[in-house]
Amino acid sequence: MTLERKPVAFGDLRGWLGALDKAGELHRIDAEVDWNIELGTVARLAQGPGTGPALLFDKIRDYGENARCRQVFAGALSSYRRIAMMLGLPPDTHPRELVQLGRTILTGAIPPKIVGTGPVKETIVKGDDVDLNDFPVPQWNRADGGRYVLTYGGVVTKDPATNVMNVGVYRGMVAGKNLIPMLMWRAQHIGHHATAWQQLGHNEMPIAVAIGWEPSLDFVGGAPVPKGLCEYDVVGAIRGAPVELVKCETNDLYVPAGAEIVIEGFLSFDPATFLPEGPYAEFTGYVAGDRSPKPAIRVTCITHRNNPILRGTIEGTMPGSYSENSVTSSIMRAATAWNVLDRAGVPGVTDVWCPPVQAGVNTIVQVKQSYRGVAKQVANALWGSSAAHVRYKHVTVVDDDIDIHDYAAVDWAIAFRVNAGEDDVVIMPSTFGAGLDPSVRKRDRNVAQFGTGKWHRVLIDATINLDYDPDPDLGGARFPPTVRPEQRDIDAVKARWKELGLDGKK
Ligand SMILES: Cc1cc2nc3c(=O)[nH]c(=O)nc-3n(C[C@H](O)[C@H](O)[C@H](O)COP(=O)(O)O)c2cc1C
């Protein structure tokens, strides 16, 4: 089935807020909330398991009438309804369909349009006047190493050879009036750019962060857009109109003209300038980002709209409270895995899902088996891909009669179709893996020493084993039938359902 998308250009963050409000998806908090721990705790508790509203905090302690910025917005993408809205789909579109769409959504391209100026230039603050403390940056969690201003901003850098820009979501902490140390992994596209600038002899590179615009910028910035493709092009395709960009004041990067806040500056590669960053409540749901010296942005300018709204997010998922990163990742990590399987030529894949509570560290693949060993082919293909770096640690493969969006169905398949003595559980030891996973011993997640973490991966083959002999007593089947009545028996009973007094009862 092909989904009919009606792309929506919300205009800016305020247009998106209006749409959310109209759809009953926005909750405004007028009561004063403390930026210090309280705001983050409210955001975490309110998001629920993908059920909470988007939150606009209107009154924040210490940031009253005369403050440069007085509002914080969070939680917009922690719900499949709102992801569907962003994509121009009916809000009740099933996540299964969002995954299907996710398989192609990053390949669209409508190039951005450069404009002379825009609302983000309403106020320009440069040099000594720059003070990140002017913004109500939350101390999101008590355990965080500081106040995180970069949680869901689009971090813009460019390839010095091609000038193609990249927009990615990377965390960053306030470490002074104009300093933001950040988690920059060399394997990410920002890291590729850093390496390219360094190889040309530079000890810093231009950087800008666009905070608060249409939701597609956050969504695409946090998704694995292929290297060399500019996220602005993809965002244009999602909203069906070019992104209007303005040039930064103090470097030659471009940012959305209608962004709420833009932080401009330079990211230094000189270890002498590194600043302590972390720990941070990470996507795993653990406070797992170690405090260590990291490259820092030296902020040269901040531009913002009048009464800007600071867009942020509470990171880290736990049962009952799913972060925006987890919910969006559950779509895009599943879509990416499916594309990997297709490219590897694995036949008969009928569904892929990454439940949001772990967003693809455990991945479930549904297949229509046509020969023996398909599950192992699935695991080999996924684990051999670069997409497996921080995901797909545990892969469960089921047959196409198992609904992978139903935990009970998957559990049932694991209970009765898995036999560890028949090679249905396979461990692939000592592969690359997420350095943030607390189940890995500390030595093995030492990214500084090994470049990445170490994962022992597991395949659970919960498909019917085609290596079993066909049973003549079962008409040649390898497994007995389930207890589900035959359709003719179901139909006969359903015809009498009302008569039996069971109408309205399952
Ligand atoms: C809320 C949020 C926070 C994230 N924080 C980081 C981070 O600190 N460092 C990082 O490398 N990736 C982080 N990611 C994941 C990246 O955004 C993601 O891998 C994306 O593909 C990076 O862009 P790139 O592919 O252009 O490098 C985060 C994602 C989200 C949604």
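These legends go with a few close-up views of a predicted model.

**View 1. Where Thr317 sits.**
Is Thr317 buried or exposed? With a relative accessibility of 3%, Thr317 counts as buried.

**View 2. What the Thr317 side chain holds on to.**
Zoom in on the side chain of Thr317 and you'll find a polar contact of 2.4 Å with the side chain of Ser326. The Thr317 side chain also reaches a backbone atom, the nitrogen of Ser323, at 2.8 Å.

Which residues touch Thr317, once its neighbours within four places in sequence are set aside? Ser323 and Ser326 turn up again here, along with Tyr322.

Cys69 is buried, at 0% relative accessible area. Look for the cysteine sulfur closest to that of Cys69 and you land on Cys301, 16 Å away, which is too far for a bond.

Cys230 is buried, with a relative accessible area of 9%. How many disulfides does the count come to? With sulfur atoms needing to be within 2.5 Å to count as a pair, the total is 0 disulfides.

Note on methods. Residues numbered from 1 in each chain as written. Predicted model: local features only at pLDDT ≥ 70, side-chain atom pairs only at ≥ 80, totals over all residues. Heavy atoms only, no water. Buried < 20%, exposed > 50% of the residue type's maximum accessible area, 1.4 Å probe, protein only. Polar contact = N/O pair within 3.5 Å; in protein donor to acceptor, adjacent residues only side chain to side chain. Contact = heavy atoms within 4.5 Å.
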